[in-house]
Amino acid sequence: MRPVLTLLRQASHLPVALACTALFVLMVMTFSDVVLRSAANAPIEAATEITRILMAIIVFSVMPVISARGGHIAVDLTDPVFARYRLGRWRDAAIHLAAGLMLIYPVRQIWVLAERARGFGDVTEYLAIPQFYIGWFIALFAGATALVLIGLGLLHLFAPKMLRPA
Amino acid sequence: MTVALIGFALVLILVLLRMPIVFAMGLVGTLGFVLERGGSLFSERGMRAALSMVGRQIMDTAQDYGLSVVPLFILMGLFVNKGGLARELYAASNAFLGHRRGGLAMATVVACGGFSAICGSSLATAATMSKVAMPEMRRYGYSDRLSTASIAAGGTLGILIPPSVILVIYGLLTETSIGQLFIAGIIPGLLGIVFYLFAVRFTVWRDPKSGPAAERQDSGERLRALGQVWAVLLLFFLVIGGLYGALDIWPLNLTFSPTEAAGMGAMGAFLIALARGSLRFRDMVEALRETAFTSAALFAVLIGAQIFSNFVNLAGLPDALVALVTDNAVSPMTVMALILVIYLLLGMVFESLSMLLLTVPIFFPLVTSLGFDPVWFGIVVVVVTEISLITPPVGLNVFILKGVVGDVTTGTIFRGVTPFWIADIFRLALIVFLPWLVLVLPQSMGP
C-alpha cells in the first residue's frame, strides 16, 4: 500500500505544476494585455475568455492535492475534546467519507452539463475553444477530489498507520 | 425563516465538528434547497433543482472573470515578500520612531500599514512582518507580549488598506464598486494605525520595561531610509493609481479594471524581486504554488457559501429579516448594533472569509433597506473581521505569529493584543457613528 501512496504523492506534482504554469501565464497575459493596449492600442481580445479558462485550471487542478493535505479551511476548536476521548480518527474518517460521497452528485451534474455543451456545440467567443473541455476538466478533478477524500476516509478507518509519515 | 435558521445552526455544528467549511455549507445548502424546492428531503424534483444549482455554481464560480483578481493579489503579496520590501519599510519607520519608548513596536505598526498598501491579505502581512520586526524587537529587549501583539494587530490592516482581497470579494458579492471600496478603506486604515500607536503608548506606559528606546538616528540616516521605500510607493501608485485613473494621461492612457490592477501589481512585484536578485526559481515556484493552494481553498469556501446563500435566499431569510425589522419599527442603529454583536460573536469561531460569505448575503439586503450605504457597510464588515483576527480563541493572526515565532504562547500574544483590541473597538464605534470618515474619499474622488 505504501508504494501506491508514494506514487500518488509523486503524481500530485503534475497538477500542481499545471496550476503554477496557469497562474504565471495569467499574470503575464494580464500585464501584456494592459501594455499592448497602452502602447500599441492592440489589447489581447481573447484575454477575458483565457482568464476564465486559466482560473478553472488554477482552482481545480490543485483541489485533489489540498484535499489530500487537509488544506481546506476548517475550525479546529474542538480538537482537544476529540483527542481526549480518542475520537479524532473516527471523526476524520466520517468527515472525509461524507465529504467525498457528497461530491459525487455534483461531479455527475458537471459531467452532464459538459455533455450538454458538447451536444449543443458551445464554443468560446474568440478562440472557439469547445466549452465541454472545461466542463470535463472540472468534472475530472472534482471527481479525483472525491476519490481522494473517500480514500482518506477509508485509510482513517482501516489503516490509520498509513497516514503517518514514514 | 425557521428552516434557514436551523440550516445556520447545522452549519455551525458541522463546522465545530471540524468539517471543512466548504462541505458544511455545501451540504446544508444543498439539502435545504431540496427541502425548499421539493417540500421534502426526499423529493426528486427538489433534488434535481438543487443539483442543477450546485453544478452551475461550481462551474460559474471557478470561471468567474471578476474573481481572477483574488489569485493575482495573493501572488503580488508573496512576490512583494520575496522582494525584501517589508525590510525597507520597517527600516524607514524605525528611523523615525525607533528612539521613542515602544518605538520599535510603533515602527512595526506603521510598517504593517505600509505593507498593507501593497498586500491584500492580513495573514500575509502578519507573517511577513513577524519575520522582519520580531528579531529586531527581541534584540532591543522588547517584551514578547508587546512585540507579538503589535505585529498581530498591525497585520490586520492588510485587509482594510487597499488593495484588499476581502473587499474585492465583498464588492463582487454585493455588486458594490471595488474601486470605491478600496478608496473608502484608506481613512479607517490610517485611523487603525493611529489607534494602534496609542495602544503601544498605553502598553509602555503601563510597563516601561516592555519597550525600551533604541538609539536615535540623524536626519541623514532618516532620509536615506525613506529613500529606500521607493519600490513600495511605485507599486502602490501602479495598482491604486491605475485603478483610479492616475495613469490615464498621455502617452499611457491607462485605467485599470481590478483584475488588471492586480495583474500589474503581481507582475510589478515579480520584476522588482527579480531585479533585486532576491527571487530564485525555487522561490518563484513556491510563491506560485502557495498562491494556487490558497486560491483553491478560498474558491472552495466561496462555492460552498454561494450554495448555502442560494438556500437561505430561497427560504426567504433576508426578506423575513427586513419584514421583521419594519413591522417592529426597530431603529436602524439598533439593528446595526445587533449585527455588529453577531459579527463579534461569529468572529470567535469563523475565519474571516467564511464569516463574510456566510453573513453578507443575509445582512446586506437588510442594511441597504434601512438606508445604510453599501460602501460604508463593506468597510464596517472588514473592520469587524479585522477584530475577529485577534479575538480569542481562533484569532488567526495570533496563530500565524505563534507559527512564525515559535517560542511564545498564544496566551501571551492574546494578553498583549488586548489594548489593540480595545483600540479596534473604539475605531469601530467611530466609523459607525461617523460614516463620513469612510465615505468622504469615495464620494469626492470615486470612479
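Predicted model: local features only at pLDDT ≥ 70, side-chain atom pairs only at ≥ 80, totals over all residues.
Let me begin with the interface, to which chain A contributes 52 residues and chain B contributes 59 residues. Between them the two chains bury about 5,000 Å², and 81% of that area is on carbon and sulfur atoms. On the chain A side, the residues that lose the most area to chain B are Met27(A), Ile73(A) and Val75(A), which together make up 15% of what that side buries.

Turning to polar features, there are seven residue pairs in polar contact between chain A and chain B, counting those where both residues are at pLDDT 80 or more. Several helices of chain A each supply at least two residues to the side that touches chain B, among them helix 3 (47–61), helix 6 (88–120) and helix 7 (131–158). Helix 2 of chain A gives the most to that side, with 14 residues. Sorted by class, the side of chain A that touches chain B holds 36 nonpolar, nine polar and seven charged residues.

Ala292(B) counts as buried because its relative accessibility is 0%. With the neighbours within four places again left aside, Ala292(B) is in contact with Ala19(A), Leu23(A), Ile58(A) and Val62(A).

Another residue to look at is Gln63(B), which sits in the loop between helix 3 (44–62) and helix 4 (69–82) of chain B. Is Gln63(B) buried or exposed? Its relative accessibility is 14%, and the cut-off for buried is under 20%, so Gln63(B) counts as buried. The side chain of Gln63(B) reaches the backbone oxygen of Met59(B) at 3.3 Å, and, beyond its neighbours within four places in sequence, Gln63(B) is in contact with Arg52(A), Ala56(A), Ile134(A) and Ile138(A).

I will finish with the salt bridges, of which the count over all chains comes to 15, while two are found across the interface of chain A and chain B. In one salt bridge, the side chains of Asp79(A) and Arg18(B) meet at 3.0 Å, N to O. Asp79(A) lies in helix 5 of chain A and Arg18(B) in the loop between helix 1 (2–16) and helix 2 (21–38) of chain B, so this pair joins two chains. Asp79(A) is partly exposed at 23% relative accessibility, and Arg18(B) is partly exposed at 29%.

Within chain B, Arg427(B) forms a salt bridge with Glu386(B), with the closest N and O atoms 3.3 Å apart. That pair links distant parts of the chain, since Arg427(B) is in helix 21 (residues 410–433) and Glu386(B) in helix 19 (residues 374–388), 41 residues apart. Both Arg427(B) and Glu386(B) are buried. Finally, salt bridges that share partners join Asp79(A), Arg91(A), Asp92(A) and Arg18(B) into one network.

Technical notes:
Residues numbered from 1 in each chain as written. Chains lettered and ligands numbered in written order. Heavy atoms only, no water. Contact = heavy atoms within 4.5 Å. Buried area = accessible area lost by both parts, 1.4 Å probe. Salt bridge = Lys/Arg side-chain N within 4 Å of Asp/Glu carboxyl O. Polar contact = N/O pair within 3.5 Å; in protein donor to acceptor, adjacent residues only side chain to side chain. Helix = DSSP H or I, 4+ residues; strand = E, 2+ residues; numbered from the N terminus. Nonpolar A, V, L, I, M, F, W, Y, C, P; charged D, E, K, R; others polar. Buried < 20%, exposed > 50% of the residue type's maximum accessible area, 1.4 Å probe, protein only.
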